[in-house]
Amino acid sequence: MGRVVLDTLRAPYDDREVWASLTPEEARQLAGLLLSEAEAVESRTHTPEPHVAVVPLSGDAFEVTVRGHALRVDQPLGDGGQDTGPTPVEMFVASLAACVAHYAGRYLDRHGLDRGTLRVTADHTMAADRPARVATLAVDVHVPELPPARAGALEAVASHCTVKNTLQHPPALTVRIHGDGSGPQPVHSSAAGGDQPRR
């Protein structure tokens, strides 16, 4: 079977050529992703961006921009996606773990303890019934060289990170639909949807 070779122009500072050999199917997938991302970039206006903006890329993949920082979310192969990024739910869980890590790291800094060995892990389970939601969240903070006398204080600090506080005191949430000049139409989160819930 023939292959498609992608060769880039060599810059003066390159030590060797940069190229890739792709199957025709891989080349089509790459071309589709590049076209989708180019369209997403070109479709953006030069007006001030909202704090968080999400635009479609290809299939179930979306680009999320936060203050100019770009992230990608997708769905696993088994759920119809291409697995090019974590799912939105995984990002949600990751935000909790990262927030706990931030608070734990600041605590270690304040007390002259090495944050280099800090590691935060998180696991979650999905609810078996509707509505689609995360049923359980567990966050573990690993600090191998933490003095035992500091464990309780670190737990208290990490347990009061902003994301955890938000989960325990949910904010008012409104989803608004903007159509053709009709103005934003609020959609209550309790409204039933006919689509299969995604992660």
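Reader: Is C99 buried or exposed?

Author: C99 is buried, its relative accessible area being 11%; buried means under 20% relative accessible area, exposed over 50% and partly exposed in between, with a 1.4 Å probe and protein chains only. This is a predicted model, in which local features need pLDDT of at least 70 and side-chain atom pairs pLDDT 80 or more, while totals for chains, interfaces and linings use all residues. Residues are numbered from 1 along each chain as its sequence is written, and side-chain values use heavy atoms, with hydrogens and water left out.

Reader: How far is the sulfur of C99 from the closest cysteine sulfur?

Author: A disulfide is a covalent bond between the sulfur atoms of two cysteines; the criterion here is a pair of cysteine sulfur atoms within 2.5 Å. The closest cysteine sulfur to that of C99 belongs to C161, at 3.2 Å, which is too far for a bond. C161 is itself buried, at 0% relative accessibility. The structure accordingly holds 0 disulfides.

Reader: At what angle do helix 2 and helix 3 pack?

Author: Axes are lines fitted to C-alpha atoms over the stretch in contact, and angles between N-to-C directions run from 0 to 180 degrees. Helix 2 packs on helix 3 at about 140°, and their axes are 8 Å apart. Helix 2 is therefore oblique to helix 3, given that under 35 degrees is roughly parallel, over 145 roughly antiparallel, 65 to 115 roughly perpendicular and the rest oblique. Helix 2 contributes V100, Y103, A104, Y107 and R110 to the contact, and helix 3 contributes A153, L154, V157 and A158.

Reader: Where does H111 lie?

Author: H111 occupies the loop between helix 2 and strand 6 and is partly exposed, at 31% relative accessibility. From H111 to R150 the C-alpha distance is 9.3 Å, although 39 residues separate them in sequence.

Reader: Which backbone features deserve attention in other loops?

Author: R130 and P131 are joined by a cis peptide bond, with omega about 0°; P131 is in the loop between strand 6 and strand 7. Positive phi in a residue other than glycine is another feature: R67 has about 50°, and D83 is near 55°. R67 sits in the loop between strand 4 (61-66) and strand 5 (69-73) and is exposed at 60%. D83 lies in the loop between strand 5 and helix 2 and is partly exposed at 47%.

Reader: How many helices and strands does the protein chain have?

Author: The chain has 4 helices and 9 strands, in the order β-β-α-β-β-β-α-β-β-α-α-β-β from the N terminus. Of its 199 residues, 19% are buried. Among contacts with a separation of 6 or more, 31% involve residues 24 or more positions apart.

How values were computed. Helices (H or I, at least four residues) and strands (E, at least two) are DSSP runs, numbered from the N terminus. Contact means heavy atoms within 4.5 Å.
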